[in-house]
Amino acid sequence: MKKILVINGPNLNMLGLREPALYGAQNFEALQAFIRSSAEALGLQVELFQSNHEGVIVDKIQAAYGVFDGILINPAAYTHTSVAILDALKAVALPTAEVHLTDISTREDFRKFSFVSLYAQKTICGKGFDGYKEGLEFLAQL
Ligand code: DQA
């Protein structure tokens, strides 16, 4: 069974409370339950990880080497700023899908560029929770 590490970055733990007009009314626990059931349906084993700290996310990506078969990541705000997360993904070189709840290409200019997209083999934007399912499907079929 393939093992996928699912990483959610800063403020995603605030889903439900956080700008619901953009991110929806469902909370982070609902997202995690959705990811778990999507993974189960695809026959994937998942570990769910969330952190508000860039270095902690870098440590988790490094530790994924030799343990996981792929990474699904919503780097949240670090998408647009973090060379360190990009470099960690390139270092472990695991198949990686990037997901965003919103469509970052139609929001503020500063959200239009993603460092993680320079490595990720697939990027899914603007599909809400379903984007995580699509990311898992992509990693399952590789
Ligand atoms: C996000 C988009 C980012 O620009 C933002 O900083 C987030 C969430 C999304 O899922 O749409 O925190 O990654």
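Predicted model: local features only at pLDDT ≥ 70, side-chain atom pairs only at ≥ 80, totals over all residues.
**Close-up 1. Helix H2 passes helix H5 in a right-handed crossing.** H2 covers residues 28-42 and H5 covers residues 130-141; both are DSSP runs (H or I, at least four residues), numbered from the N terminus. Their axes lie 9 Å apart at an angle of about 30°, each axis being a line fitted to C-alpha atoms over the stretch in contact, with angles running from 0 to 180 degrees between N-to-C directions. H2 and H5 are therefore roughly parallel to each other, a label for angles under 35 degrees.

**Close-up 2. Here are the residues where H2 meets H5.** From H2, Leu31, Phe34, Ile35, Ser38, Ala39 and Leu42 take part, and from H5, Asp130, Tyr132, Lys133, Leu136 and Glu137; contact means heavy atoms within 4.5 Å. Sorted by class, this contact of H2 with H5 has seven nonpolar, one polar and three charged residues. Nonpolar covers Ala, Val, Leu, Ile, Met, Phe, Trp, Tyr, Cys and Pro, charged covers Asp, Glu, Lys and Arg, and the others, Gly among them, are polar.

**Close-up 3. Lysine 127 and glutamate 134 are joined by a salt bridge.** The N to O distance is 2.8 Å, and a salt bridge needs a side-chain nitrogen of Lys or Arg within 4 Å of a carboxyl oxygen of Asp or Glu. By this rule the count comes to five salt bridges. Lysine 127 is partly exposed at 43% relative accessibility, and glutamate 134 is also partly exposed, at 23%. Buried means under 20% relative accessible area, exposed over 50%, and partly exposed in between (1.4 Å probe, protein chains only).

Close-up 4. Between glutamate 108 and arginine 107, the closest N and O atoms are 3.8 Å apart. Glutamate 108 is partly exposed, with a relative accessible area of 35%, while arginine 107 is buried at 15%.

**Close-up 5. Lysine 112 pairs with aspartate 109 in a salt bridge.** Their side chains meet at 2.8 Å, N to O. Lysine 112 is partly exposed at 44% relative accessibility, whereas aspartate 109 is exposed at 61%.

**Notes for all views.** Residues are numbered from 1 along each chain as its sequence is written, and side-chain values use heavy atoms, leaving out hydrogens and water. Local features need pLDDT of at least 70 and side-chain atom pairs count only at pLDDT 80 or more, while totals for chains, interfaces and linings use all residues.

Conventions
Helix = DSSP H or I, 4+ residues; strand = E, 2+ residues; numbered from the N terminus. Parallel < 35°, antiparallel > 145°, perpendicular 65-115°, else oblique. Left-handed = near helix turned anticlockwise from the far one by under 90°.
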